[in-house]
Structure formats: C-alpha cells, structure tokens
Amino acid sequence: MTDADSPTLVGGRYELGGLLGRGGMAEVRKGTDTRLGRVVAVKRLRTDLASDATFQARFRREAQSSASLNHPSIVSTYDTGEEISDDGVAQPYIVMEFVAGRTLRDVLHEGRKILPERALEITSGVLSALDYSHRAGIIHRDIKPGNVMLTPSGDVKVMDFGIARAISEASSTMTQTAAVVGTAQYLSPEQARGEVVDSRSDVYSAGCLLYELLTGRPPFVGDSPVAVAYQHVREQAQRPSELDPTLAPEIDQIVMKSLAKRVEDRYQSAAQMRSDIERYLAGRPVQAPVIPDEAEQPTAGATPAVPPPTRRVPETAAPERGPRRGPWIAAIVALLVALLLVAVWFVNRVDLFEDPPTDKAIPNVAGETQDVARTELADAGFRVAGQVESQTSDTVEEGLVIGTDPSGDTFADPGTTITLIVSTGPETVMLPDVTGDTCDEALAQLAEFDARCEDVPSDEEKGTVVAMDPEGGNGGEFAPGTVVTLQVSLGPKQVPNVVGSTRTEAEAAIRAQGFEPDAIPTEDRTKAFGEVVRQSPAEGRTLRQGDTVTIVYNTYRAPEPPPETTEPPATDPPTTEEPDPGGGLIP
C-alpha cells in the first residue's frame, strides 16, 4: 500500500485524501470521485484480513447487500470493488456517501447534556434505518454511538451495514471474538451467549444507545468485556430515572422494554419501538408496560439492606499481622471472581445446559398479496391472525403486505400467531373546504398541500376563494403535497365608457373588465361608420363579472358624391342649303 498521506487512486477512479477513521478491521479515507467530481468516503479492509479468501467472499456479499439499502437515515453505498495491494493481495473496498458531521461517540465524549426529547428523536432515526434494513433481510449487529452520525442539520446517518455481519460470521474462536471487545457495552444477551441473533438483537442495542444518550453512560459498565457481557446476560439495568430523576416514567418504560433479557419480552421489531417513541413525543400513552415500584418488585439477588451486627474490638486486640494478609486475600478473591465470570461466560456461550433452540424463521412476505402471504406463513408452521393491521406506505402499493408482527426474518415458536401489516397506500390528509376565505387564509389552512391561487372573474368580493380543485370538505382525503388550485375572485368592476370608440375597440374594453359585450346596429347619419353611439349600462355602473354590456354602433355609410366629368363644347350643325347658281342661296 502507498503512504497513508499521499494521494492514491483506487479503482482507477477514486482519489484518496485524508484519514477519516480507523477501526480494528478497516480504515476510512475521504476521497474524490474523479469521474463525477463528488466527495466520497472510501473504506478499505486491512491487508491481513483481506488475505483470507473466505472473508473476501463474505465482504463482497455483504457489500452488495449494503449497497441495496437506500434510506435517508443510512449512509449510501455507491460502489464496491477490490484493489491489488503491493504484496499482491486483493484488497476489497467500499465507496460510500461522505457525511459531514460527528459521531454520537464524539458528542457523548464532549460531556454535554442531551435533552430527552432530542435523545428520543435521534433513536427514532436509528430505528427507522434499522426497520428498513430488517425488512431487507440485513441485521446490523453493531449499533453503537461510533456507528451513528449526526449531520450539521441534525439528521441521523447509520453506518457500517453489512461489515459487522461478515465479521460476526467469521468469528468462531475466543481470539477472534476479541474483534468485538469494543462493542461489549451494546451486546444483546443472546450475542453475549454466542447464540444466533435476529433483528430483536438490534432493538436491544438501540435500547443501550438510547440509555447512554439519556444518562451519559451505558446500561452496564465493568472492568472487562467479560464482566460487561455477564451483566447483559444476568443483571437488570438501573432505570434511567435513577440516574436522572428528571426523566419521565414513560421513558423508563420504553428503555426497559427494549432491554428485556428475553427476546419475547422486548419490542418485536424496530418499528414497534420507534412507534412507542413517536407516541411519547406526540403526548400519547406508550404501549410499553408500567414498571412496578422497587418495593413491589425487588431486584433479583438483592438482600435486605440491614447492617450486620458489629462488635467492638479493643485496639490492643487487633491482630498484628492483619494488614499484611489483606492484599493477599483481596487478590485471591479477585482471581476467584474473574475465574467465575469466565466460567459463566463459557458455559453460556457453548450452551452446555440448554436445549437446542426450536424457533423457526418467520418468512419475509413484504410486497406479497395477502393470500400469498397467508399461504407462505401457514406452510412455515405459523398461524395467521384473521384481522390485519393497516398502515400507510409511500412505497408499498395499497392492498399489499408491508410486513408482519413479529417481523419477517426473525425467529418464533412454531404455531405463533403472525399479524399481517397491510398497506393502505400513501398517507392521506383531510382536505378542508376553504371557499369564502381569502387566498392567504386558505394557503395557511392547506400547508400540507401544494396549494396555489389563480384569479378568475367572479361576482364575489375581490380576493375571495370562490372554488377549489379538487373540492374540499365532505370528508375527502388526499396525499400530502397534492396540488390544490384555488380560484380567487377578481371582484365586481365598473363599466367603462366606450361611446365614441369603434365597435372593435369597445368590445375589447368591455371584455377586459370581465363583462360580455352585446352589439346592436343602428343607422345614424351624424356618426361615423362603426362608431358606438350609445351604451347600456352607462359608464361607472358596477356589474358582476360576466354580465352583459350593450352597445349600439352605427352602420350608416354616407353615399359617395358622383365623380365630376368634362364634355366637349357644342358645335353648329352643318347646313344643307345648296348655293344658288345665280350666286344666291336657294332655300
């Protein structure tokens, strides 16, 4: 590999820049897509891990899976490939969306207080991403503050889909398990026991994340990963309100349900947990059960807080060698405790005393018709509830199955009743009737729609909405963003003075005011041809839009005078008298 700080071209297309982060398995660098000119993040697997052919195949498969996830709360994957390193090893890489922001780990390390409502909003964004990935058949397995980013605008971005799954599948020995030591504080009990996990494991990890956002610390802390794993399996976490008394009881209910040891007692899907969070933020009751008081529900293993009897020992009776034996006794006790924890962890991991699981995977029937979904679930050995749960969806066609409760690709006992979640199509909103309001008033009421005003002739008061398309009221519901056209009255206008203008000019002026002209011919020898000689109503009268204005125009044409002609002068007619031979005239 080239020097970390020198520009390197990956895949012949991506120019690497500065280091963004480095984990136990990979490094992430800021890069530039030289073809599209956009900033990206390039994650490359370590060379020593990339030399394993099995891990390469799993990495590529998981990279393809993560590339199929397209959700606003998931860091997008643009491209995948492999680059031959200097020692001849094919080194896989993933090109991802570059997100400007900080991880929740950075935010928590600053020690600043996160408001409970903001902590719930962030967790809701994480659960939205998890719900989407679970429906696509991908379990994250490594939800923690370091894998969640906040953009400058406050949006949530979940990272590292797919990689965690490939690593967990590759881990089969105690040494390899050390690869997940850094995430011990967010492991579900079934992960700590080395069992097969499903989407409810991500729900538990999301509960640990919410716990830390609310209280500033994870639900369990210890001196070693084994000690923390033991607590996840056997001990009950403190309520968040015990660390921060200002937290509401409903927040305790949500957190403690997500942290239930038995997967059956947890939220059965990320969508269920997110729905409860949204209920709380909206001021509605949550579905998580009420937690009984400490006095009613003692913690397992707790002993009455009664001080043991004390006996005064004279100072002269104190053993002389007591202080020297103390460190040895403490060291022996610590060693025994450590051995006990390792033994408990090992027994739970190999499942020596537990019956093999009998749960079956619930088929993922998202996108199927109800009949097909019922058949697939019945064939897999599950019962299907007669009533379906309706839910809006912008992506799933009305009548098709969105998912199931419990969700698909999770595990349940054969015979478990499965409820189908069926799409009712996009979310709809009631369209109110705003006729009679002004344009501004109407637009304020139609904020969820794409409403626009257009002027139309009308006899109503100027600026009043006289009609809307589509019509409002009557219980009509439409998708948010639907275009709604509001027809706004131009208001009544005055009749213009058109006497003296030509018929063509008069009709144009009348129509410009929103009226209809009616032209009547007449003959008036005192007016020019085509001139308007009268109008009704007269100038200045107020009429409703569309009313008629009558004009009388002249059709008389004065006859043209005959053209002047020039005639030749009259001449005397020739005489018929003959000359007299005698020199006189003979009549």
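Reader: Which domains each give at least three residues to the lining of the second largest pocket?

Author: This is a predicted model, in which local features need pLDDT of at least 70 and side-chain atom pairs count only at pLDDT 80 or more, while totals for chains, interfaces and linings use all residues. Residues are numbered from 1 along each chain as its sequence is written, and side-chain values use heavy atoms, with hydrogens and water left out. A pocket is an open set of points on a 1 Å grid over the protein atoms alone, with protein on both sides within 12 Å along at least five of seven lines, and its lining residues have an atom within 4 Å of a point. With domain bounds taken from an automatic or database domain assignment, the lining of the second largest pocket draws at least three residues from each of domain 2 (102-282) and domain 3 (360-423).

Reader: What volume does the second largest pocket have, and which element gives the most to its lining?

Author: The volume, taken as the space filled by probe spheres set on grid points that are joined across faces, edges and corners, is about 1,200 Å³. Of the 38 residues that line the second largest pocket, those closest to its centre are Asp 131, Arg 135, Ala 271, Arg 274 and Gln 391. Two or more lining residues come from each of α4 (116-135), α12 (270-281), β12 (389-391) and β13 (401-405), where helices (H or I, at least four residues) and strands (E, at least two) are DSSP runs numbered from the N terminus. The element that gives the most, with eight residues, is α12.

Reader: Where does the largest cavity lie?

Author: A cavity is a set of grid points where a 1.4 Å probe fits but cannot get out, and the structure holds four of them at 30 Å³ or more. The largest cavity has a volume of about 120 Å³, and of the 13 residues that line it, Ser 66, Thr 77, Met 96, Asp 160 and Phe 161 are the closest to its centre. Because both domains give residues to its lining, the largest cavity lies between domain 1 (9-97) and domain 2 (102-282).

Reader: Which element gives the most to the lining of the second largest cavity?

Author: The second largest cavity, with a volume of about 80 Å³, is lined by His 134, Arg 135, Asn 364, Ala 366, Ile 402, Gly 403, Thr 404, Ser 407 and Gly 408. The most, three residues, are given by β13.

Reader: Is Ile 254 buried or exposed?

Author: Ile 254 has its place in helix α11 (residues 249-258), and its C-alpha atom is separated by 9.7 Å from that of Arg 266, twelve residues apart along the chain. Contact here means heavy atoms within 4.5 Å, and, leaving aside neighbours within four places in sequence, Ile 254 is in contact with Leu 210, Tyr 267, Asp 276, Ile 277, Tyr 280, Val 286 and Ala 288. Buried means under 20% relative accessible area, with a 1.4 Å probe and protein chains only. Because its relative accessibility is 0%, Ile 254 counts as buried.

Reader: What relative accessibility does Arg 279 have?

Author: Arg 279 lies in helix α12, and, not counting residues up to four places away in sequence, Arg 279 touches Arg 284, Pro 285 and Gln 287. Arg 279 counts as buried because its relative accessibility is 16%.

Reader: Why is strand β3 largely enclosed by the rest of the structure, and how many of its residues are buried?

Author: Two strands pair if DSSP finds at least two bridges between them, and β3 pairs in the antiparallel sense with strand β4 (residues 38-45) over eight bridges. Ala 26 stands opposite Leu 45 in β4, while in the hairpin of β3 and β4, with four residues between the strands, Gly 37 takes a positive phi near 70°. Strand β3 (residues 26-33) is largely enclosed because, of its eight residues, the number buried is six.

Reader: What percentage of the residues of the chain count as buried?

Author: The chain has 16 helices and 27 strands, and among its contacts with a separation of 6 or more, 65% are between residues 24 or more positions apart. Of the 587 residues of the chain, the share that counts as buried is 39%.

Definitions and conventions:
Buried means under 20% relative accessible area, exposed over 50%, partly exposed in between (1.4 Å probe, protein chains only).
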